[in-house]
Amino acid sequence: MTSTTTDIGASGAGGLRSWLQRYPFLPALVIVIALLALNGIFSPNSLSFRSITGLFSTYMALIMLAIAQTYVVSAGDIDLSAGATLSLVNVAIVVLMERWGGGAGAVLLALALGVLIGLACGLVNGIVVTALRLQAIVATFATSIFFTGLALYVMPVAGTPAPAIFWRTYGGRLLGVPFVFYVLAALALLLFLLSRTRIVTELLAVGDDQQAAYQTGLPVVAVRIKGYLLCGLFSALAAFCLTGDTASGDPLVGGKMTLYSVAAVVLGGSALAGGWTTVVGSLLGALTIGLVNSLVFFIGTPSEWQNFVQGLAILFVLMAGVLAGRRARA
Amino acid sequence: MNFVAAFFKQPLVIALVLIVALLALGESLSPGFASADQILRLLIVASLLGIVAAGQNVVILGGREGIDLSVGGVVSLSAIIAGNVMNGADGGILPAVLACLVAGAFFGLLNGLGVTLLRIPPLVMTLGMLGVLQGLLVVIRNGIPSGRAAPGLSAFVTQPLVLGIPGIIWLWIAIGLFMALMLNRTVFGHRIYAIGSNEHAAYMAGVPVRLMRVGLFMISGMFAAIAGLCLLGYSGSSFANVGEQYMLSSIIAVVFGGTSLAGGKGGYTGTMAGALLLVILQGILTTVNIDESGRQMVFGATLLLLMLFYGRGKAMRA
C-alpha cells in the first residue's frame with residue numbers, strides 16, 4: 001500500500017537499507033548470532049565445537065529442506081509435499097542399501113537413485129501445479145498424501161536400520177574435521193554455482209510478476225517446473241542428511257518437517273509471495289528453529305511448557321522476519 | 001446446449017454429481033454403503049468438517065491470500081476445554097459452549113491482529129499460531145485430565161433428534177442457511193466479497209477493511225471451536241491432536257466447493273457439498289480392503305483428479 005521510493009544509499013538509514021537489499025539475510029544472521037549468544041550465556045558448553053557440530057548434524061536435514069522450499073517460493077509457488085518427498089527418499093534409500101548388501105557401492109548407488117526419486121517427485125509436483133494449473137497449496141497437499149502412501153508401501157513400519165557405513169560416515173570425521181562440515185561446504189559450493197546460473201534469476205522474475213515474465217518471453221511453465229525439480233533435488237539431499245542422523249528409515253518422518261521448512265524460509269527473510277528470496281536466509285532460518293529449541297531447553301523451561309515457549313518464540317521471530325524483510329524491500 | 005454445459009460447470013453441480021457417483025461406487029464395492037444409516041453417519045462426520053470449513057471459507061473469501069492453518073489447533077484446544085468444563089455433566093454444556101467460543105474468538109483475534117496491524121501474511125501468522133496452540137495443548141494436557149463429554153452433547157451429535165436426524169446435522173443445515181443469508185443478503189457478507197476481490201477499492205468505498213479481516217479470523221476461530229465441541233461429543237473424550245486432520249482438509253473442502261483461494265469468489269453451499277464429497281471418498285477408502293499405503297495413494301491421486309474439475313488457473317496469454 002505504501003508508495004515505493006527508490007532513494008538507495010542516500011542517508012544513514014538508506015545505507016542500511018541498501019545493505020539489506022544486497023544481503024537480505026542480515027536480519028536472520030543477527031537473530032542467529034543473538035540466539036547463539038543467549039545459548040552461550042545459559043549454557044557455555046553449548047558453544048563448544050562439539051555442540052555446534054551436533055547442531056549442524058541434527059538440523060542439516062531441515063536446512064536442506066528449507067533451501068528446497070526456497071526455490072519454489074522464489075517463483076511464487078509452495079510445496080507442501082517436501083516433507084513427504086523426504087520420507088519417501090529416506091525409506092527408499094534405506095531399503096535399497098539393505099537389499100544391496102550395505103557396502104560402499106550399494107550406498108552410492110542407492111543415493112543416486114534417491115536423487116532420481118526426489119527429482120521425480122519434483123517433476124510430478126511441477127506438472128500438477130503448472131501444466132495442469134492446479135492451486136499449489138492444495139495440489140501439493142494431495143501429492144504429499146500420494147508420496148506418503150508410496151513411502152508406506154516401501155516400508156510399512158518405521159525401524160529398518162541404515163547400514164553402519166552410511167551413518168558412521170555422516171556422524172564421523174574425515175581428516176580430523178567432522179563430516180557434516182564437508183556437507184556444509186559442498187552445500188555452499190552448490191548454492192554458489194546455482195546462484196551463477198540463470199535459473200534463480202528466472203524463478204525470481206516469475207515470482208515477482210508472472211505476467212510480465214511471460215511477456216518478456218520467459219517460458220514460465222518450464223521455469224516453475226525447474227523450481228519444483230530443484231525442490232525435489234534438495235528434499236532428497238535433506239533425506240540423506242536425515243538418514244545419516246537417525247540411521248534408520250521412517251515412512252512418516254518428514255510429515256511434520258514441511259511446515260517447519262516454510263517457517264524457516266520466512267524466518268530467513270524471504271517473501272512467501274515470491275520474487276524476493278534468499279537461500280542463505282533459509283539456512284539461517286532453519287538454524288534459528290534449532291537454536292530456539294535448544295535455548296528453551298537451556299533456560300530451564302519445565303518440560304511440559306517447552307513446546308509452548310518454542311511455539312511462542314518462533315511466532316515472534318516469524319513476525320520479526322516478515323517485518324524486517326518488508327523494511328528491506330520497501 | 002450452452003446452457004447445459006454452463007450448468008454442469010457450476011462447482012456445486014459438479015460436487016453433487018460426484019457425490020452421487022461416489023455413493024453408487026461405494027454401494028457397488030460394499031453393499032450397504034449407501035444405506036440410510038450409513039449416509040447419516042457420513043453426514044455426521046461431514047458436518048464436523050463442514051463447520052470448520054465454514055470459518056475457513058470466510059477467511060479465504062476475504063482475500064489477501066487469506067487462509068487459516070490454525071483451525072486444527074483450535075479444534076483440539078476446544079475439545080479439551082469443553083471436556084473439562086462439562087466433565088460428563090449436562091449442566092456444563094452451556095458454560096462449555098461459551099468457554100469454547102471465547103477461546104476460539106480469542107485466537108482468531110490474535111490471528112486477525114497479526115494479519116492486519118503487523119501485515120503478516122495469513123499463512124505465516126496462522127502457521128505460527130498453530131505452533132503456539134500445539135504447545136498450549138501439551139501444557140494443558142499435563143495439568144488436567146482430558147475430560148469427558150456430557151451425555152446430552154453425545155446424544156446431540158450421535159442420536160436422532162428430530163425426524164430421525166441427529167442434532168448436529170440440523171446444526172450444520174442451520175449454519176448453511178445462516179452462511180447463505182450472511183454472504184448474500186447482508187452488508188457484512190457483501191463486504192467480504194468486496195475486500196476479497198479488490199481490497200483497495202473496498203477501502204476507498206469506506207469498508208473498514210482491517211476490522212472486517214479481524215472479524216473474519218474471529219469467525220473462523222469460533223467455527224473451529226464449535227467443531228471441537230461437537231467432535232468431543234462424537235468421540236466421547238478428547239485425545240491428542242484430534243483436530244490436526246482438519247487443517248488441510250477444511251481448505252480442500254472449500255476448494256471442492258468452488259471457492260477460489262484467491263478470494264472474492266465462491267460461497268458456502270458448495271463448501272458443504274465439498275466437505276461431504278471428501279468424507280464419502282474417505283468412507284469408501286476405509287471400506288475397501290486395501291492396506292494403508294494403497295489407501296493413501298488412491299486418496300492422493302483421487303484428490304488430484306477431482307481438483308481437475310474445479311477452478312484451474314488461467315493459461316498465460318500475452
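Residues are numbered from 1 along each chain as its sequence is written, while chains are lettered from A and ligands numbered from 1 in the order in which they are written. Because the model is predicted, local features need pLDDT of at least 70 and side-chain atom pairs count only at pLDDT 80 or more, whereas totals for chains, interfaces and linings use all residues.

**View 1. Chain A as a whole.** Let's start with the overall build: chain A has 14 helices and two strands (DSSP runs numbered from the N terminus, H or I of at least four residues for helices and E of at least two for strands). The radius of gyration of chain A is 20 Å, close to the 20 Å from the globule rule for 330 residues, so chain A is as compact as a globular protein of that length. This radius is taken over C-alpha atoms, and the rule is 2.2 Å times the number of residues to the power 0.38. Of the 330 residues, 53% count as buried, meaning that 20 or more other C-beta atoms, placed from the backbone, lie within 10 Å of a residue's own.

**View 2. Helix 4 of chain A.** Here you can follow residues 82-99, a helix of 18 residues that reaches 26 Å from its first C-alpha to its last, close to the 26 Å expected at 1.5 Å a residue (the expected span is 1.5 Å times one less than the number of residues). Helix 4 of chain A is mostly covered, with 14 of its 18 residues buried. Just after this helix, look for A:Gly101, which takes a positive phi of about 100 degrees.

**View 3. Inside the largest nonpolar core.** This core has 219 residues, and A:Leu62, A:Met64 and A:Ala238 touch the most other members. A nonpolar core is a set of buried Ala, Val, Leu, Ile, Met, Phe, Trp, Tyr and Cys residues joined through C-beta atoms within 7 Å. Leaving out residues up to four places away in sequence, A:Ala238 touches A:Ala61, A:Met64, A:Leu65, A:Ala68 and A:Leu86; touching, or contact, means C-beta atoms, placed from the backbone, within 7 Å.

**View 4. Where the chains meet.** In this view, 39 residues of chain B are in contact with 41 residues of chain A. On the chain B side, helix 6 (122-143), helix 12 (246-256) and helix 14 (292-307) each supply at least two residues. Helix 6 of chain B gives the largest share, 13 residues.

Notes: Buried ≥ 20, exposed ≤ 12 C-beta atoms within 10 Å, placed from the backbone. Contact = placed C-beta atoms within 7 Å.
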